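Have the viewer open while you read.

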Amino acid sequence: MGLVIAFWVLAVVGIAAALAVVLLRDIFRAALSLVLCFLAVAGIYVTLSADFLAAVQVLIYVGAISVLIILAIMLTREVKRGSPSGRLRVPALVVAILFLGTVVFALVNTSWRISSVSPLVPTTAAIGGSLFGEGGFILPVEIAAVLLLAAVVGAIVLVREK
Amino acid sequence: MSLFDPGLNLSAYYPGTLPPEWPGGYWIHWGVFVVIILAFVLLMAMGFIWLERREVGRFQARLGPNRVGPFGVLQPVADAIKVLTKEDIIPAKGDKLVYWLAPVVAFVPVLMVFAVVPFQDGALLADLNIGILYVVAISSVSVVGVFMAGWSSNNKYSLLGAMRAVSQLVSYEIPLGLSILGVVVLAGSLSLNSIVEAQHIPFILLQPLGFLIYMAAAAAEINRTPFDLLEADSEIVAGFHTEYSGMKFALFYLVEYCEVLAVSVIVTTLFLAGWKGPLLPPLLWFLIKVFGVFTVIVWVRATVPRLRVDQVMAFAWKCLLPLALINLLITGIQVLVWPEVLPWAVVFLNLAIMVVLILLWSKFFKLGGGRVEV
């Protein structure tokens, strides 16, 4: 019962915040709504017993990515009130409708199975095992690490003087 | 089974964390601990305000507040009443909703940190399996409140202060997390209660370098001197809360001291064996250690001159980050290969490693002298 209430509250908050991100004219408030949306998603992870995922969601999305977005807004002058209308309205509309269609199609056509197995406690050991253990996802993890390293080196090269 | 399930038997969910005679069910536990935590945080924050002013007074060869109550202990109360009765000014061209929400967004995460802190064995609101990760994640939210304050004030100094805050917080989060990882590797758990139980030797002895890195990074995270760049009267006035007054300013002031309290509590738990100690009751040991850590923080404030902006950033990336990585590597190797029978030898080995590394870094790491190096 408590779980159901929590899910619906979080779902409504999350969707309302997501709508606010798109609809608000004030770009700073839109970014703050994005923070709220991320927090609601983290809350939904908690109701699913994915505590590690929830904490990482808050750490990465709220603590780092949103902050970077807000910093970019602060560095941009003259966009404080209202977002300017772009020239690419029609193509954007087409892409958005296509994307919406794909998501709705995927949602409707997936058979959602609910596992009856009780969740793992603690989840961290299982996640660590599947990421770094034998037969796990060690290769994708290493590829992601190399990609991030390349991005870091690239950023340093870009901003370097001379 | 989840935290939201009220029909839950807590002793079964967190085995060994609650005494069997604990009265009442799930919601009573939450209610009692929420009240305890609120009282603890507010009382300790006021105590810290008084203690810091008295201690800094001693360091600067003056008396400090000594008029209100015995030894001036009621000075924070008098200050609180004064601040609360002041006029609440809102900038005319600011974003009023965001301006109003900012202190709340800054305050709530700091308060939530205390939910996972064990005051004594098993005496905590929720013994999360991911305890310390939760602390790091939650405390990274309060930077959003700083941002909101700086932006909504419609004041360039507030905005500059907020931008300094974010660059500093984002940079120091990395060495902070890495220094905590050393402790987690030693304890083999993320839960704060298990970390305390794992400390047969306090981790400050096994992780001396990690402790120093954590103290430096945490001081930068909570904007204490020598990293208090957010409030520079000669450059950016009072930083992000320049425009705030009355109750909202009081809340930001409270956030500052709650953050210091949070850092003292986390250091006590991670490095000083939390509530463990001989003879005295566990709660008393916990409080003694918290006050000790806070005194060290005040001592550093009274002793060390503050750094410049570029020096602060260089210190994080060129000094703390590599040291934290080396510390994590050494800790991992020791946990894997060190024989169990020699716990004290590793203490001296780690102390020697710390001294060598710090001397080495201070040799080829210069803070730019008198020039501004970007």
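Two residues are in contact if their C-beta atoms, placed from the backbone, lie within 7 Å. Helices (H or I, at least four residues) and strands (E, at least two) are DSSP runs, numbered from the N terminus. This is a predicted model, in which local features need pLDDT of at least 70 and side-chain atom pairs count only at pLDDT 80 or more, while totals for chains, interfaces and linings use all residues. Residues are numbered from 1 along each chain as its sequence is written, and chains are lettered from A and ligands numbered from 1 in the order in which they are written.

**Helix pairs**

Let's start with α7(B) and α10(B). On the α7(B) side, Gln168(B), Leu169(B), Tyr172(B), Pro175(B), Leu176(B), Ser179(B), Ile180(B), Gly182(B) and Val183(B) do the touching, and their partners in α10(B) are Gly210(B), Ile213(B), Tyr214(B), Ala217(B), Ala218(B), Ala220(B) and Glu221(B). Sorted by type, the residues of this contact come to 11 nonpolar, four polar and one charged. Here Ala, Val, Leu, Ile, Met, Phe, Trp, Tyr, Cys and Pro count as nonpolar, Asp, Glu, Lys and Arg as charged, and the others, Gly among them, as polar.

Two packed helices are described by the angle between their axes and the distance between the axes. The axes are lines fitted to C-alpha atoms, for helices over the stretch in contact, and angles run from 0 to 180 degrees between N-to-C directions. These are the pairs to look at:

| Helix pair | Angle | Axis distance |
|---|---|---|
| α7(B) and α10(B) | roughly 150° | within 8 Å |
| α4(B) and α12(B) | about 25° | 9 Å |
| α3(A) and α5(B) | about 25° | 8 Å |

Angles under 35 degrees count as roughly parallel, over 145 as roughly antiparallel, 65 to 115 as roughly perpendicular and the rest as oblique. So α7(B) and α10(B) are roughly antiparallel to each other. A crossing is left-handed if the near helix is turned anticlockwise from the far one by less than a right angle, and right-handed if clockwise. By that rule α7(B) passes α10(B) in a left-handed crossing.

Next, α4 (residues 96-113) and α12 (residues 246-271) of chain B pack at about 25° with their axes 9 Å apart. That angle makes α4(B) roughly parallel to α12(B), and the crossing is left-handed. From α4(B) the contact takes Pro103(B), Ala106(B), Phe107(B), Val110(B), Leu111(B) and Val113(B), and from α12(B) it takes Lys248(B), Leu251(B), Phe252(B), Leu254(B), Val255(B), Cys258(B), Glu259(B) and Ala262(B). The tally is 12 nonpolar, no polar and two charged.

**A bent helix**

What lies at Ala102(B) in α4(B)? There is a kink of about 30° there, shortly before the proline Pro103(B); the bend at a residue is the angle between axes fitted to the seven residues ending there and the seven starting there. Both Ala102(B) and Pro103(B) are among the buried residues of α4(B), which also include Tyr99(B) and Val113(B). Buried means 20 or more other C-beta atoms within 10 Å of the residue's own, exposed means 12 or fewer, and partly exposed is in between, with C-beta atoms placed from the backbone. The cover over the buried residues of α4(B) includes α5, α6 and α12 of chain B.

**Where the chains meet**

The interface joins 27 residues of chain B to 27 residues of chain A. In chain B, α5 (131-139), α6 (142-152) and α7 (156-187) each supply at least two residues of the side that touches chain A. That side divides into 23 nonpolar, three polar and one charged.

Chain B has 15 helices and zero strands, and buried residues make up 41% of its 374 residues.

Most residues other than glycine have a negative phi, and most peptide bonds are trans. Phe71(B) has a positive phi, near 55°; Phe71(B) sits in the loop between α2 (26-59) and α3 (75-84) of chain B. With 14 other C-beta atoms within 10 Å, Phe71(B) is partly exposed. Asn223(B) also has a positive phi, near 60°, and lies in the loop between α10 (208-221) and α11 (233-236) of chain B. Asn223(B) counts as buried, with 20 C-beta neighbours inside 10 Å.
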